[in-house]
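Here is a short note for a colleague who has not seen this model before. Please keep the structure open while going through the points.

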Amino acid sequence: MAQKKMDAEPYELEFDRNTTALLIIDMQRDFVMPGGFGEALGNDVTPLQATIEPTRRVLDTARKLGMLIIHTREGHRPDLTDCPPTKLVRGRGKTRIGDVGPMGRILVRGEVGHDIVPELYPKAGEPVIDKPGKGAFYATDAELILRNSGIKTLIVCGVTTEVCVNTTVREANDRGFECVVLSDCVGSYFPEFQKAALAMIKAQGGIFGWVSDSKRALSALGA
Ligand code: C5J
């Protein structure tokens with residue numbers, strides 16, 4: 001039986017495992033390891049590392065169940081022609097997008113820092129979406145892939161909760177996808193933003209979607 005129920009807020013989520021995908025957003029070294037984009041913006045990256053283990057458990061289960069798994073990476077072409085000049089100068093840090101850091105050029109495709117952490121590394125056949133913006137739907141083929149696969153529901157993990165996760169969930173919601181965000185599998189550099197970003201998703205009867213956690217998601221998936 002593919003029809004499932006997940007304990008979540010603001011109320012139980014009904015979903016069909018066959019039309020549900022796991023979407024893992026930007027679990028790149030540039031955000032979760034020292035020396036990348038996150039740190040260049042002045043953040044302590046260690047809180048984000050706590051999301052890796054619960055996300056790995058959900059990823060393992062999704063793989064065992066044969067679900068569609070999509071990974072995203074935020075970043076730019078080496079010539080930065082797809083990076084808005086406004087994004088380049090924002091942050092005003094000493095190190096900016098395209099500059100050389102300890103993990104290669106910051107937020108540039110093909111560099112070590114741009115790639116996904118080894119624990120969650122995509123397997124062959126799992127689509128990886130390279131996105132120039134915060135949302136996974138802007139200037140990408142994410143929607144096409146999801147529609148072609150008959151996906152209706154997204155289980156969302158990744159970083160950061162208030163930036164790329166929230167932007168993507170809002171984009172997905174406007175396109176008619178149902179999103180459930182797993183609170184221990186999404187992370188922020190700011191505890192107050194983590195709290196607010198999750199609250200916004202489930203507020204007003206689930207205005208953008210649902211919030212659950214890895215334990216409840218794994219139980220709902222039948223793991
Ligand atoms: C940020 C992201 N925080 N992946 N990107 O700039 O959330």
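1. A nitrogen atom of the ligand is 3.1 Å from a polar backbone atom of Val159. A side-chain N or O atom of Glu74 is 2.9 Å from a nitrogen atom of the ligand. A polar contact here is a pair of N or O atoms within 3.5 Å. On its own, the ligand has 230 Å² of accessible area, and the protein covers 93% of that. Accessible areas follow the Shrake-Rupley method with a 1.4 Å probe.

2. On the source: this is a predicted model, where local features need pLDDT of at least 70, side-chain atom pairs count only at pLDDT 80 or more, and totals for chains, interfaces and linings use all residues. Residues are numbered from 1 along each chain as its sequence is written, and side-chain values use heavy atoms, with hydrogens and water left out.

3. Which residues are around the ligand? They are Asp26, Phe31, Phe37, Glu74, Lys134, Val159, Thr160, Val163 and Cys164. Asp, Glu, Lys and Arg count as charged; Ala, Val, Leu, Ile, Met, Phe, Trp, Tyr, Cys and Pro as nonpolar; the others, Gly among them, as polar.

4. The ligand sits in the largest pocket; that is, more than half of its atoms lie within 2 Å of the pocket's grid points. A pocket is an open set of points on a 1 Å grid over the protein atoms alone, where a 1.4 Å probe fits, with protein on both sides within 12 Å along at least five of seven lines. The largest pocket holds about 430 Å³ of space, counted as the space filled by probe spheres set on the points.

5. The lining of the largest pocket has 27 residues, each with an atom within 4 Å of a point. Phe37, Leu41, Glu74, Lys134 and Val163 lie nearest the centre. The lining divides into 13 nonpolar, 7 polar and 7 charged residues. Helices are DSSP runs (H or I, at least four residues), as are strands (E, at least two).

6. Check the backbone too. The peptide bond from Val159 to Thr160 is cis, with omega near -15°. Thr160 lies in the loop between strand 8 (153-159) and helix 7.

Technical notes:
Near = heavy atom within 4 Å. Polar contact = N/O pair within 3.5 Å; in protein donor to acceptor, adjacent residues only side chain to side chain.
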